[in-house]
Amino acid sequence: TAPTANLILNHSAFTTDFSWTATGALNPWTMNLINNAGAATTQNFVTINNAANAAASTDVLTENLLLIQQLDTATGDSKVVDNALKIDSAAAAGITDAIEITNSAGSITNGINLVDTAGGTFTTGVNFSGTFTNELSLRNAETISNATDGTIALGADSGAVTLSLSGTAATLTNTASNLTIDSAANLVLAV
């Protein structure tokens with residue numbers, strides 16, 4: 001039945017469980033937003049909040065606002081999950097930021113935290129595949145690019161770039177063969 005007013009569901013401490021069994025191709029849950037606003041306004045299709053709590057409590061940590069788990073085991077009819085989260089720009093209008101992390105009123109300790117708990121193999125922390133202009137863009141517009149195979153390019157926004165090492169000792173090594181330092185003009189070594 002189509003609602004005729006805003007709906008509020010207060011579950012208190014009761015949980016809700018949905019389950020589907022796929023015997024072929026299946027998209028069990030689909031939601032669509034049609035943005036037909038007459039002026040520039042903000043649309044947030046799904047909002048998950050850790051709501052303000054005025055009452056004192058012993059538990060002061062909400063562990064996860066969204067938890068995605070693979071619970072199939074490695075035995076029996078094991079099913080591998082290809083992508084736990086997939087963001088796809090599947091039409092021509094495009095996406096500006098596939099993921100945006102911001103601190104509009106509070107602090108964030110780690111923007112992204114990759115944690116190997118030794119429960120299995122964590123093969124690669126961050127993997128880039130396909131064609132990119134730059135793999136990484138830093139805060140002052142310097143870039144790191146691997147557009148050419150075998151070359152890692154550090155790009156300077158201002159025309160000059162400094163690679164600064166702050167350890168008590170620093171070593172630049174090539175364990176496979178010669179180490180070549182190539183300069184388009186004078187090579188300056190300062191002590």
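1. Phe-18, Trp-20 and Trp-29 are linked into a cluster by ring pairs. Rings of Phe, Tyr and Trp (its six-membered ring) pair if their centres lie within 6.5 Å; planes under 30 degrees apart are stacked, over 60 edge-to-face, the rest tilted. The model is predicted: local features need pLDDT of at least 70, side-chain atom pairs count only at pLDDT 80 or more, and totals for chains, interfaces and linings use all residues. Residues are numbered from 1 along each chain as its sequence is written, and side-chain values use heavy atoms, with hydrogens and water left out.

2. The ring rule gives 4 aromatic pairs. Phe-18 and Trp-20 are stacked, because their planes are at 15°, with centres 6.2 Å apart. Phe-18 is exposed, at 51% relative accessible area; Trp-20 is partly exposed, at 46%. Cut-offs: buried under 20%, exposed over 50%, partly exposed in between (1.4 Å probe, protein chains only).

3. Phe-128 and Phe-132 pair edge-to-face, 5.7 Å centre to centre, with 90° between the planes. Phe-128 is partly exposed at 37% relative accessibility. Phe-132 is also partly exposed, at 35%.

4. Glu-135 deserves a look. Glu-135 is buried yet has no salt bridge; Arg-139, the nearest side chain of opposite charge, is 20 Å away. A salt bridge needs a side-chain nitrogen of Lys or Arg within 4 Å of a carboxyl oxygen of Asp or Glu.

5. What does the side chain of Glu-135 reach at 2.8 Å? The backbone nitrogen of Asn-146. Not counting residues up to four places away in sequence, Glu-135 touches Phe-128, Ile-144, Ser-145, Asn-146 and Ala-147 (contact: heavy atoms within 4.5 Å).

Terms used. Lys, Arg positive; Asp, Glu negative; His and termini not counted. Polar contact = N/O pair within 3.5 Å; in protein donor to acceptor, adjacent residues only side chain to side chain.
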